[in-house]
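Thanks for asking for a second pair of eyes on this one. Here are my notes, point by point, to read alongside the model.

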Amino acid sequence: QRRGPGGGRALLGALLLCLWCRAAGERLRYAIPEELDRGSLVGPLARDLGLSADELPARKLRVASGGKKQLKYFTVNEENGNLYVNERLDREEMCGESETCSVSFEVLVQNPLNFFHVEVSIEDVNDNSPAFGKTALELEIGEWTLPGARFPLEMARDSDVGRNSLLTYQLTGNPSFSLSMKKKPGGKKQPELVLERPLDREKQSSFDLVLAAVDSGDPARSGTVQVRINVTDANDNPPVFSKSVYEARVAENLPVGSLVLRVVATDADASSNGRVSYSFGNVPEVVKALFGIDSENGEITTTGLLDFEEKSKYIFGLEATDGGGLTDHCEVQIDITDENDNAPEITILSLSSPVLEDAPVGTVVALLNVNDPDYGENGQVSCELSGEAPLWIVASSGGSYKVVTASALDREQASEHRVTVVARDRGRPALWSSTELVLEVSDVNDNAPVFEEAAYSAYVAENNAAGALVLRVQARDADAGANGRVSYWLAGGSAGAAGAAPLVSVEARSGALYAQRSLDYEQCREFTVAVRAQDGGAPARSSTATVRVFVLDRNDNAPRVLWPVAAPGAGAVAPGEAPAVAPFEVVPRSAEAGYLVAKVVAVDADAGRNAWLSYELVAASEPALFRVGLHSGEVRTARAVSERDAAKQRVVAVVKDHGQPALSATATLHVVLAESLQEALPELSERAAGGEAAAAAAELQFYLVLALALLSALLVLSVALAVAARLRRA
């Protein structure tokens with residue numbers, strides 16, 4: 001049934017999606033520790049994909065991913081199909097403070113074309129020691145401070161994650177102080193210095209302690225910082241932040257110098273002891289590169305461009321210090337919101353070009369990967385094909401797409417297809433990118449040669465030269481290369497009887513037909529040959545055309561007189577035979593004008609005008625007595641016969657055809673003027689006697705020649721015998 005404009009395409013897409021759902025859904029997972037050396041084994045990739053060692057050369061297993069970083073992290077060995085580390089992996093550099101860290105990519109196989117998703121989890125190792133932001137911590141504590149007072153200390157930072165980043169603190173150096181832990185949001189512990197004994201500045205004005213931070217890794221790593229305590233007078237109130245945790249949410253790409261938030265700390269003291277200054281605590285350098293804090297008013301502003309795709313959240317500590325050296329600490333959490341500032345990136349993983357035109361519907365011709373680093377709807381991408389081509393794009397998991405054939409290909413209609421892949425995200429406004437796919441279609445031998453005409457006619461004049469061109473046939477094959485290269489052969493016909501040489505031949509490359517010998521219209525007026533055109537494909541395809549050759553007549557035959565029969569000459573009479581009597585006609589002397597004497601009968605083997613005959617009187621004993629019909633050949637009396645006319649009359653007529661040039665023959669008729677046959681016999685006897693004398697003379701001549709030949713033979717024989725006898729005696 002007829003569907004709507006999108007019904008057929010939707011149905012085809014659903015069908016193709018079902019066909020590849022299994023391949024697209026397979027995902028292999030591996031887990032490796034960070035900091036592995038290059039060439040370390042990740043996993044037996046080929047074996048896990050079900051590929052044997054014999055299949056690897058043909059399947060061409062390789063890593064193919066949409067991200068440039070993923071391509072350099074891992075490599076596949078072509079011989080055994082194992083997945084190896086291609087460069088040193090630093091989890092902290094790759095994923096920062098994220099609890100989980102993994103690299104996803106696709107591996108590609110050929111013959112048939114397919115891809116599989118691979119995910120490698122990078123596990124943290126304890127390769128980073130805890131570090132403090134300052135080489136020494138300085139505190140000023142008044143001598144009036146009571147035991148039990150607490151002083152927050154700077155927290156150490158460990159770049160590792162999980163258990164490897166859990167820190168414990170130890171204090172060494174003096175019994176006047178001890179160390180206490182204060183729990184902070186997020187599970188972290190803030191070290192605090194606790195005063196255990198009263199201070200007396202006059203007895204000891206300063207203390208040097210060592211604070212050590214130890215992580216929970218195996219083996220454990222540690223970092224230390226020196227704590228210098230100066231005993232002072234009068235500053236008995238430390239600064240206090242209004243919040244222990246400040247939170248802000250800003251958009252990425254915020255202009256440099258934009259205000260993020262403002263922190264406030266108050267100090268109950270007066271004068272310089274109540275003047276508070278703000279600074280960063282122990283924070284990474286990347287935080288100092290992106291944010292700045294005004295030491296007087298506590299305003300945090302941007303000093304660099306924020307990028308959600310680089311990092312979506314920053315957590316760092318601030319420190320408020322009064323004029324007397326007392327401090328307080330707070331935590332700042334800045335969430336970066338995503339903006340649709342990245343257009344989708346299209347990567348062509350594989351392109352099977354050229355593709356055979358007889359490829360079945362659904363053949364995978366290209367694999368694509370589309371990646372948009374934005375978040376949420378800004379990173380959700382849809383792909384479509386733009387352009388008229390029998391191709392369809394099918395979505396897979398992990399941002400991968402397959403371009404497949406949607407209908408049969410035909411190279412003769414289109415030798416290549418150009419389509420544009422358009423990827424568009426769902427942001428507002430939406431961003432898009434495109435790339436062009438050029439798919440070449442290779443030829444298969446699916447077209448037979450086709451003659452320009454199913455039947456040809458050729459006209460050749462007879463008496464042609466051997467090798468003369470008769471006709472040139474031509475067949476065209478829509479295929480390309482050897483599949484479209486046409487050769488010609490004779491496939492049969494009536495061009496010659498069995499056992500006889502054929503009348504024509506054909507040149508294999510050009511299709512030209514040549515006459516093998518001179519043609520004779522009188523023997524063969526027309527004939528047919530079958531010419532086969534065959535291409536060079538495997539298997540070859542062919543077609544046949546019929547050529548009908550008509551032989552045109554030339555005036556090469558003179559008229560032949562059937563009556564009156566010409567009397568043979570004396571030299572033509574065989575010995576012992578009676579000479580033939582020339583034909584004669586008896587005309588009564590009482591014949592009037594128009595009397596039919598005889599009719600000259602002649603034929604011409606030619607045809608058409610070449611066979612049209614005309615008759616004329618060329619000689620006669622009495623020219624005025626006879627006339628010849630121009631077209632009938634009838635010899636009639638032109639006037640009445642008189643007594644003065646001789647008894648024997650001789651009439652000579654010429655027969656001409658209408659060829660160019662004209663050919664002719666003569667006919668001689670003997671006429672006897674007599675009232676009856678008995679009256680004509682004496683005339684006939686004289687003619688016979690003359691004939692017998694001529695015959696006797698001819699016979700005598702024959703015997704003389706025979707005698708001369710015998711004498712010559714005897715002479716030759718005698719000489720031969722004499723020579724033989726002499727040779728024998730010798």
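1. Let me start with an open sheet of 3 strands, ordered β2-β5-β4 and paired antiparallel. At its edges stand β2 (41-43) and β4 (74-76), each having a single partner strand, so one side of each is left without a neighbour in the sheet. From one strand to the next, the twist averages 35 degrees, where axes are lines fitted to C-alpha atoms and angles run from 0 to 180 degrees between N-to-C directions. Strands here are DSSP runs (E, at least two residues), numbered from the N terminus, and two of them pair if DSSP finds at least two bridges between them.

2. A word on what you are looking at: this is a predicted model, in which local features need pLDDT of at least 70 and side-chain atom pairs count only at pLDDT 80 or more, while totals for chains, interfaces and linings use all residues. Residues are numbered from 1 along each chain as its sequence is written, and side-chain values use heavy atoms, with hydrogens and water left out.

3. Which residue of β5 is the bridge partner of L41? That partner is Y84. Overall, β2 and β5 (residues 83-85) pair in the antiparallel sense over 2 bridges.

4. Now the cysteines. Counting a disulfide as a pair of cysteine sulfur atoms within 2.5 Å, the model has 1 disulfide. The bond joins C95 to C101, with an S to S distance of 1.9 Å. Its torsion about the S-S bond is about 60 degrees, so the disulfide is right-handed.

5. Are these cysteines buried or exposed? C101 is buried, at 4% relative accessible area, whereas C95 is partly exposed, at 22%. The classes are: buried under 20% relative accessible area, exposed over 50%, and partly exposed in between (1.4 Å probe, protein chains only). Elsewhere, C383 counts as buried at 15%, and C524 is partly exposed at 25%.

6. Finally, have a look at the surface: L562, W563, V565, V601 and V603 form a nonpolar patch with about 370 Å² of accessible area together. β41 (560-563) and β44 (601-603) are the elements that give two or more residues to this patch. V601 lies in strand β44 and is partly exposed, with 34% relative accessible area. Patch members have over 30% relative accessible area and no salt bridge, and nonpolar side chains (Val, Leu, Ile, Met, Phe, Trp, Tyr) are joined within 5 Å; a salt bridge is a side-chain nitrogen of Lys or Arg within 4 Å of a carboxyl oxygen of Asp or Glu. Areas come from the Shrake-Rupley method with a 1.4 Å probe; for residues, only the protein chains shown count as cover.

Definitions and conventions:
Patches are made of residues with over 30% relative accessible area and no salt bridge: like charges are joined within 9 Å, nonpolar side chains (Val, Leu, Ile, Met, Phe, Trp, Tyr) within 5 Å. Helices (H or I, at least four residues) and strands (E, at least two) are DSSP runs, numbered from the N terminus.
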